[in-house]
Amino acid sequence: MSSATGSRIVVTGATGNVGTSVVRLLSEDPEVGSVLGLARRIPDWSPAKTEWAAVDLASEQTDLTGHLAGADAVVHLAWAFQPTHDPATTWRTNVLGSIRVFEAVAAAGVPALVHASSVGAYSPGPKNHAVDESWPTHGWPDAAYCREKAYLERTLDTFERDHPGIRVVRMRPAFLFKRESASEQRRIFGGRFLPGPAARPELLPFLPDVPGLRVQALHTDDAARAYRLAVRSEEARGAFNLAAEPPVDAELLGELIRVRPVRLPRTAARSAVAAAWGMRLLPASPHLFDAVLRLPLMDCTRARVELGWHATRTATEVLEEFLHGLRQGAGAETEPMRGRKVG
């Protein structure tokens with residue numbers, strides 16, 4: 001890293017859920033001299049030591065190499081979840097856009113690339129014990145999100161072979177939440193037609209308990225701490241699982257929102273999701289629903305031992321904060337994170 005004035009870090013997707021936390025932490029780091037945030041729309045938000053550039057990764061005309069010149073590390077977070085009905089569009093941004101970032105990292109001679117992979121990259125796995133980073137990353141092929149994350153894992157395999165001098169880190173976090181992300185995630189996964197009681201689960205008559213619905217969560221700020229540690233460590237390479245305890249299931253959620261879980265067959269739940277998605281009432285696809293039911297639980301020992309990282313908030317605390325933000329229509333000062341109350 002640069003020593004005279006501090007390191008220069010470029011962050012793609014800098015105005016989203018993870019990007020806002022990563023940019024804020026890097027801007028507060030005395031070892032970081034400057035941060036360049038890349039996003040499709042430049043925000044009014046101006047953290048210390050941070051500059052902005054408008055970049056659309058889906059565009060073949062974007063000059064990424066110029067933006068990355070002189071950087072000590074690139075943190076690649078940019079990702080488009082929608083439109084789920086048009087996977088070719090998300091492929092252009094998520095896969096082809098990511099490949100442009102990787103190529104620009106090599107062309108600009110950036111020594112470190114920290115890439116946002118995901119638990120969604122993993123092949124189906126166990127729900128009764130955790131797996132480490134050696135678990136296969138072939139995703140769930142029907143779900144565009146998992147398919148794209150898994151494809152980029154293979155792309156990085158080739159990238160690392162061809163560019164052994166570039167330090168590559170792959171972060172594989174669980175589902176990420178914070179208070180300020182509530183409105184954005186409601187729009188992404190619930191849509192603008194989501195009824196108030198569904199956005200405020202404590203008003204639901206019962207909580208669907210679907211077999212296989214046992215996942216992990218993590219506070220976005222805790223994930224951002226891991227990204228900062230990976231940027232600062234010259235030894236960190238490879239994949240790192242990131243998740244908080246305990247795993248989240250219907251029993252935990254029911255206790256949290258004081259709603260009684262009721263067992264619901266997987267086929268019935270999926271049919272309801274598929275119908276709402278088919279009528280374009282729900283942005284989250286039934287294919288993603290299928291994937292979530294099959295995601296493995298992750299063991300985070302490697303991140304703790306090699307990065308010195310651990311989650312500072314439990315999954316229960318994370319969900320409590322997120323639900324509070326959902327009720328309040330919480331948001332942040334960037335276009336993707338704009339707040340919006342339910343109703």
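Which residues do ring pairs link into a cluster? They are W79, F81, Y145 and F189. Keep in mind that this is a predicted model.

Let me start with the rings in general. A pair of aromatic rings is described by two things, the distance of the centres and the angle of the planes. In this structure there are seven aromatic pairs. I will go through two of them.

One is W79 with Y145. The ring centres are 5.8 Å apart and the planes stand at 80°; planes over 60 degrees apart count as edge-to-face, so this pair is edge-to-face. W79 sits in the loop between β4 (73–76) and α3 (87–108), while Y145 belongs to helix α4 (residues 144–162). The two residues are 66 apart, and the pair links distant parts of the chain. Is W79 buried or exposed? W79 has a relative accessibility of 18%, and buried means under 20%, so W79 counts as buried.

The next pair is W91 with Y151. Here the centres are 4.9 Å apart and the planes are at 65°, so this pair is edge-to-face. W91 is in helix α3 and Y151 is in helix α4, so the pair ties together parts 60 residues apart in sequence. W91 is partly exposed, with a relative accessible area of 26%. Y151 is also partly exposed, at 41% relative accessibility.

Last, the charges over rings. R294 lies over the face of W140, 4.3 Å from the ring centre. What lies over the face of F240? That is R302, at 4.2 Å from the ring centre.

How values were computed:
Residues are numbered from 1 along each chain as its sequence is written. This is a predicted model: local features need pLDDT of at least 70, side-chain atom pairs count only at pLDDT 80 or more; totals for chains, interfaces and linings use all residues. Side-chain values use heavy atoms; hydrogens and water are left out. Rings of Phe, Tyr and Trp (its six-membered ring) pair if their centres lie within 6.5 Å; planes under 30 degrees apart count as stacked, over 60 as edge-to-face and the rest as tilted. Helices (H or I, at least four residues) and strands (E, at least two) are DSSP runs, numbered from the N terminus. Buried means under 20% relative accessible area, exposed over 50%, partly exposed in between (1.4 Å probe, protein chains only). A charge sits over a ring if NZ of Lys or CZ of Arg is within 6 Å of the ring centre and within 35 degrees of the ring normal.
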